[in-house]
Amino acid sequence: VFTVTSKSMTVQWKGPTGASSYKITATPKNSSKYPVFAQFSGNSVMGSVNSLSPNTLYTVQLEAMDNALNVLSSALTEETTAPEVPSIIKAYSKRSDSITVEFTEVSGATSYILRAESDDFFSETPVSGSPGTVVNLQPTTDYMLSVMSVNSGGRSQPSYPVKVKTVIAPMMNTSSPSNDTILVTWPPVEHAVLYTLCIIRQGSSSRLKLNTTDTMVTFDDLEAGITYCIKGMAWDSEGRTGDDTTVCQITITVYWLPAQGAENYLALTSNAQNCTATVNSYCYITPVDCGQNHSVVVTAYNKAGPSSPSQPADYITPCPPENSWVEEPTAGNCSLVWDEVPMVEYYMAFIKRDDGTEMSCNTTETTCPFFCMCGYTYLTSVFPYNQGGSSPYSHVRNYTTPCCPQGVTIKLVSADTLEIMWSPVKGAELYETTAKQTNDVIHCNDTAPVCALSDLRCNTAYSVTVTPCSELRGCNRTCTPHTHETPCSPEILNMTQTNNSTYRVLITNPNTRNTNYTITAIGRYNTHACQTRNSSCELTELPCGSVYEVTAVATTAVGRSLPGFSKPLE
């Protein structure tokens, strides 16, 4: 079978000499539905049979016929049609580089494929179920989205497509012109008609939100010396928000004890920044660079002149960690880990998933545990804090774990070869296939979801592991191995006629005592079989003048062997 859809199969063949026509008959194996057939000329090497049922196992018979419609030869195989075509419930964009699709899941599907298309773009993303997300898209771009269902037979036709546009993303900059104001600016965002900004005070749950069509906003009447974080997002003309961007702005507050007779004060830093005060015994230094050891001195003034400077006071604003990464020792149990930063009292860690879910940690350690699901992208950032406030920015890292393949099937295709197939998974760029019994040698390292293990032995249990890998994220080593064992194939030693319609078939017995052996005689019009646990059984009621191909198969609790070499019986 060359390919399948939900309601058709295409068969490819190489026919015998002298064939004038071919007939394909597809018969449901476990259903009472009627067979479906199609005929083709003798020049054909490929043909399709249609009007089949979705997700149904068919026995496909190909017959080569001469001009008198006599069957010259025939062949049988089995194949399953693809599942029904799913339908999209809704599709939406929450991030400027991705679209999430919710769709109906259909019976018999082991996975699904999301297809995204635009004028110069085409991608297919495998997902295990609904919802699924297509990534690596461009902002404010229209895409046509469709979904296909997949099983061991193949993929269905694409669903009816829907058109979705990705959202937009602003890039904000902040400064503090005075000790109680923060200025936020950003370049205009293409297709944006409105911007929403939300300012949040450190250590407080209160927040102030405002909308604007400008590309500059000033927040005033703020408390000096406090860290404020501003979250911004843009809206398009269809009322959709894009990525939210968060920036934080801090100042340094210098305090001193009042000096008798002083009328005003000047605070001067070692890098030539200064601030002044008259009534208050504090003032503010802004902006502040991170990671710089500085000192500040205060001088008092009155009409007679300046005092001697105070003893210098050292300060440092923490920088973000140089390195941060995500560790996943077991599936689903992740930890955000970072390098320790000097002069830090505690850390705030933020983890945001690509579907908008957010998590955070307030910790004195250098790790933040969180639950992670494969196939999702997590954006992580860490802000160190001390008495000088938080670091002015943070490196944003992203982490994606390739999902373990689902629907892994292991099939014996020859006496010493296993074929392993699986459904493609989100986040995987290639797959490693290993077998424990072959010293975990990597037999396949490819992008294709299929691998053949050769030079194997029958009656041996092989533990096969398919490991998904990504160039940036490495390999997911938490996937469960799959065990497969196949009995050895029996061989026919001889066939002896005991009466005019019975033959005794003697076979080898290469397996354990509890093995069942089935000997089958396949003729043009009928089939006869017998079973035994010994080395012989009798085929009965064989009409004289008939021609049969006789084969033997072994069956145990772990599976079924391939047929041994067939022998003719006339």
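Accessible areas here come from the Shrake-Rupley method with a 1.4 Å probe. With that in hand, welcome to this predicted model, whose protein chain has an accessible surface of about 29,800 Å². Carbon and sulfur atoms account for 49% of that surface.

**The whole chain**

Let us start with the overall build. The protein chain has zero helices and 52 strands. A compact globule of 570 residues would have a radius of gyration near 25 Å, whereas this chain has 36 Å. Along its principal axes, the C-alpha trace spans about 135 × 50 × 35 Å.

How much of the chain is buried? Buried residues come to 44% of the 570. As for contacts with a separation of 6 or more, 56% of them join residues 24 or more positions apart.

**A closer look at one region**

The UniProt annotation "domain: Fibronectin type-III", from an unreviewed entry, covers residues 1-80, 82-169 and 489-570. Over residues 1-80, the chain is 54% strand and 0% helix, and the end C-alpha atoms lie 10 Å apart.

Which strand pairs with strand 5 over four bridges? Strand 2, residues 9-12, does so, in the antiparallel sense.

Conventions:
Residues numbered from 1 in each chain as written. Predicted model: local features only at pLDDT ≥ 70, side-chain atom pairs only at ≥ 80, totals over all residues. Heavy atoms only, no water. UniProt positions renumbered as here; feature names shortened; annotations may be inferred. Helix = DSSP H or I, 4+ residues; strand = E, 2+ residues; numbered from the N terminus. Pairing = 2+ DSSP bridges. Rg over C-alpha atoms; globule rule 2.2 N^0.38 Å. Buried < 20%, exposed > 50% of the residue type's maximum accessible area, 1.4 Å probe, protein only. Contact = heavy atoms within 4.5 Å.
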